[in-house]
Amino acid sequence: MSTKPQSSSGLEGIIATRSAICEVDEDNCELYYYGYSIKDLAENSSFEEVAYLLLHGKLPNKKRLESFKKKLLNERNIPEKALDVIKRLPRDTDPMDVLKIAVGDLQTMDPDASLNSNEANMRKAIRLIAKIPTVITTHYHFIHGNIVVKPHKELSFASNFLYMLNGKIPDDYESEVLDKSLILYAEHELNASTFAARIVASTLSDMHSAVIAAIAALKGPLHGGANERAMEMILKIERPERAEEWVRNALLRKRRIMGFGHRVYKKEDPRSPIIKKLSKGLSERRGERRWFDISQIVEKVMNTEKGLHANLDFYSSSAYYLLDIPILLYTPIFVVSRVTGWVAHIMEQYKDNRLIRPRAEYIGPAKREYIPLEDRS
Ligand code: CMC
């Protein structure tokens with residue numbers, strides 16, 4: 001006798017696979033990448049170190065880090081043919097759709113496209129991590145008629161992104177804020193986009209295809225799209241004096257406040273205090289506290305009225321705003337970072353693969369007789 005499948009809405013609480021990459025300890029509000037606390041990583045590491053950790057399962061020593069950084073630096077440019085494809089896209093193409101197209105296009109030009117060995121996948125992973133920021137800023141400049149800023153040959157990963165976007169080398173603190181936010185966004189166990197990537201990888205499809213699926217999943221406002229919506233809300237609120245009433249009204253109208261709540265963390269998202277501190281630091285340095293002050297009031301009302309806590313997306317939105325990052329790039333920046341987690345999961349899936357093929361609990365009509373077309377009323 002076959003066992004009856006058990007269903008769970010949104011697969012909540014279901015352990016769908018085993019993974020050594022990330023541990024979410026929701027009871028103690030902690031998050032670990034390969035056993036390292038997110039607090040230690042954000043405090044002491046660079047994004048490049050964390051990317052290495054996710055790809056290799058261990059932190060690099062100085063020599064390995066330098067060599068890894070060099071590999072990333074050497075892969076920052078995107079081929080002319082890929083630039084042409086991006087140029088020809090309609091101007092109003094959503095940047096997340098641009099990324100799906102660009103990753104598909106980069107696949108056709110990847111020298112390892114036909115290979116699926118671990119070594120080839122490691123090279124593909126490095127190319128994807130290095131090129132995605134260039135795709136995003138290049139497309140942004142194309143649609144705004146700006147001169148495209150080519151990747152810098154020396155700057156760190158985070159500094160180079162801000163440089164390619166704003167055309168000037170960021171100061172150390174700005175660079176640090178982006179760098180740390182990328183560390184926080186890099187990996188998060190079986191979130192929807194990572195699961196999508198693993199499902200595709202489990203069919204033994206290629207890495208680029210799995211990343212495209214992940215980007216598609218991340219685009220949604222319940223996942224990566226929340227940071228953009230959160231900033232739009234903060235801008236609409238406009239002034240701290242309006243914040244409390246605005247949120248209360250929105251809650252009365254049963255609206256979802258983006259950047260709050262989490263499927264797993266019901267107490268606190270451990271990444272949130274880290275990004276909050278960075279957003280505050282940036283506000284003070286810029287002498288522009290308005291967005292941070294509004295955010296704090298929204299957070300307080302959400303805590304008291306709904307018992308909901310800010311997730312990573314909430315304070316990253318005001319931090320990105322203060323870094324002069326256009327709102328429509330907030331979710332693509334999530335890709336810049338999370339692609340490291342995706343490729344780590346894709347390679348882990350390949351290493352011990354079993355096709356992911358769950359069951360559905362059938363809730364459709366009972367068995368019925370087939371009526372030929374000519375006899376149907
Ligand atoms: N604003 C208002 N109410 C909310 C919110 C919110 N942001 N989040 C949850 N709730 C309420 C929801 O209305 C429901 O209330 P009730 O039981 O009265 O109907 C209750 O909380 C449970 O909601 P749920 O949707 O069943 O909970 P979930 O575990 O499926 O939600 C979530 C997780 C992230 C989809 C949800 O909290 C949400 O929609 N948040 C806003 C979007 C967001 O910030 N997403 C980013 C998530 S973190 C980054 C990432 O991983 O991508």
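**Exercise 1: The sheet**

Strand 1 and strand 2 (residues 30–33) run antiparallel, with four bridges joining them. Keep in mind that this is a predicted model.

Task: Work out the strand order of the open sheet, and say which strands stand at the edges.

Solution: 
- Start with the order. The open sheet has three strands, ordered 1-2-3, and the pairing is antiparallel.
- Now look at the edges. Strand 1 (22–25) and strand 3 (36–37) each have a single partner strand, so one side of each has no neighbour in the sheet.

**Exercise 2: The largest cavity**

Task: Find the residues that line the largest cavity, then sort them by kind.

Solution: 
- First, how many cavities are there? The count is two, taking those of 30 Å³ or more.
- The largest cavity holds about 60 Å³ of space.
- Its lining is made up of Leu162, Asn166, Lys168, Pro170, Glu174, Arg286, Leu323 and Asp324.
- Sorted, that lining gives three nonpolar residues, one polar and four charged.

**Exercise 3: The second largest cavity**

Solution: 
- Begin with the space, which is about 40 Å³ in the second largest cavity.
- Next, pick out the lining, which includes Gly261, His262, Tyr265, His309, Ala310 and Asn311.
- Lys266, Lys267, Glu268 and Asp269 also line this second largest cavity.
- Finally, the lining divides into two nonpolar, four polar and four charged residues.

Methods: Residues are numbered from 1 along each chain as its sequence is written. This is a predicted model: local features need pLDDT of at least 70, side-chain atom pairs count only at pLDDT 80 or more; totals for chains, interfaces and linings use all residues. Side-chain values use heavy atoms; hydrogens and water are left out. On a 1 Å grid over the protein atoms alone, a cavity is a set of points where a 1.4 Å probe fits but cannot get out, and a pocket is an open set with protein on both sides within 12 Å along at least five of seven lines; lining residues have an atom within 4 Å of a point. Grid points are joined across faces, edges and corners, and a volume is the space filled by probe spheres set on the points. Ala, Val, Leu, Ile, Met, Phe, Trp, Tyr, Cys and Pro count as nonpolar, Asp, Glu, Lys and Arg as charged, and the others, Gly among them, as polar. Two strands pair if DSSP finds at least two bridges between them. Helices (H or I, at least four residues) and strands (E, at least two) are DSSP runs, numbered from the N terminus.
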